[in-house]
Amino acid sequence: MTSDIEIAQAATPRPIAQIADELKIPETSLEPYGRIKGKVNLNWLLKQPIRDSARMILVTAISPTPAGEGKTTTTVGLGDALKHIGKDVAICLREPSLGPVFGMKGGAAGGGYAQVIPMEDINLHFNGDLHAIGVANNLLAALLDNHIHHGNVLDIDVRRVTWKRVLDMNDRALRDITVSLGGPGNGYPRQDGFDIVVASEIMAIFCLATDLDDLKARLGRIVVAYTRDRQPVTAADLKAEGALTAVLKDALAPNLVQTLEGTPAFVHGGPFAN
């Protein structure tokens with residue numbers, strides 16, 4: 001039987017400019033990432049009027065069968081079917097996390113002839129969004145520890161730091177760790193840990209934000225720790241929200257790819273609830 005990756009690599013993708021043109025995205029608002037991937041300019045997108053005639057179909061709450069038939073394959077197959085009967089359609093999927101990709105679950109770009117392509121790129125780093133989210137998360141963690149090390153003006157209780165670092169990989173050894181060992185120059189030792197990138201609060205904020213200003217405001221409200229008198233300390237208290245927004249500014253633009261049958265597909269964001 002032909003494997004998913006063999007099916008995907010045998011396809012002849014349309015140039016991403018053609019996919020964008022089908023959605024009436026002007027060339028000046030498409031930012032190509034190679035020949036068959038791209039991002040859509042966020043400023044242009046936000047200026048587009050809401051179409052009253054548009055309809056959304058939500059595919060959810062499906063546990064995959066042993067053959068891999070789940071939410072993604074259903075979404076891709078439905079989108080291709082609607083396009084086949086002449087409907088103007090685009091599908092929207094979350095981005096895969098490297099943790100499940102290299103775990104038991106495997107890739108998350110669909111399966112068989114219901115896939116988004118290039119599937120290997122989408123499953124492995126894609127356009128760098130998850131990397132940017134991980135960097136923003138860990139930048140906030142570094143700023144927090146740096147504030148404590150350099151005087152702790154906010155009187156943060158190191159026993160009540162709630163903000164964890166992240167890594168987009170399944171690594172149980174890093175779930176609970178001790179940081180800042182090695183002497184005074186490395187800060188104050190405390191208990192810490194790593195979550196997976198897609199389960200971070202920044203990923204959730206990233207998917208809820210409507211524009212860069214909204215993203216910055218939401219980032220500023222993140223509670224990272226509590227003071228000794230148990231008052232919350234936010235990212236805005238650390239003056240971190242501007243730097244975090246700068247790291248995420250390109251990632252916030254939606255990614256545009258296609259299915260095996262050439263149906264436009266937005267693959268962007270991917271929050272885990274666990």
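1. Basis. The model is predicted: local features need pLDDT of at least 70, side-chain atom pairs count only at pLDDT 80 or more, and totals for chains, interfaces and linings use all residues. Residues are numbered from 1 along each chain as its sequence is written, and side-chain values use heavy atoms, with hydrogens and water left out.

2. Sheet order. Strands pair if DSSP finds at least two bridges between them; strands (E, at least two residues) and helices (H or I, at least four residues) are DSSP runs numbered from the N terminus. Axes here are lines fitted to C-alpha atoms, for helices over the stretch in contact, and angles between N-to-C directions run from 0 to 180 degrees.

3. Strand pairing. S6 is joined to strand S11 (residues 223-227) by two bridges. Ile 156 has Thr 227 of S11 as its bridge partner, and Val 161 stands opposite Ala 225 in S11. Ala 225 also has a bridge partner in S12, namely Val 233. Three bridges link S11 and S12 in the antiparallel sense. These two strands form a hairpin with four residues between them, and Arg 230 in the turn has a positive phi of about 65 degrees.

4. Helices H7 and H10. The axes of H7 and helix H10 (residues 241-248) lie 9 Å apart, and the packing angle is about 165 degrees. H7 is therefore roughly antiparallel to H10, a term for angles over 145 degrees. The contact (heavy atoms within 4.5 Å) is made by Ala 132, Ile 133, Val 135, Ala 136, Leu 139 and Leu 140 of H7 with Ala 243, Leu 244, Val 247 and Leu 248 of H10. By class, it has ten nonpolar, no polar and no charged residues; nonpolar covers Ala, Val, Leu, Ile, Met, Phe, Trp, Tyr, Cys and Pro, charged covers Asp, Glu, Lys and Arg, and the others, Gly among them, are polar.

5. Geometry of H7. At 1.5 Å a residue, the 21 residues of H7 should span 30 Å, and the end C-alpha atoms are 30 Å apart, which agrees. The expected span is 1.5 Å times one less than the number of residues. Gly 151, which follows H7, has a positive phi near 105 degrees.

How values were computed. Angles under 35 degrees count as roughly parallel, over 145 as roughly antiparallel, 65 to 115 as roughly perpendicular and the rest as oblique.
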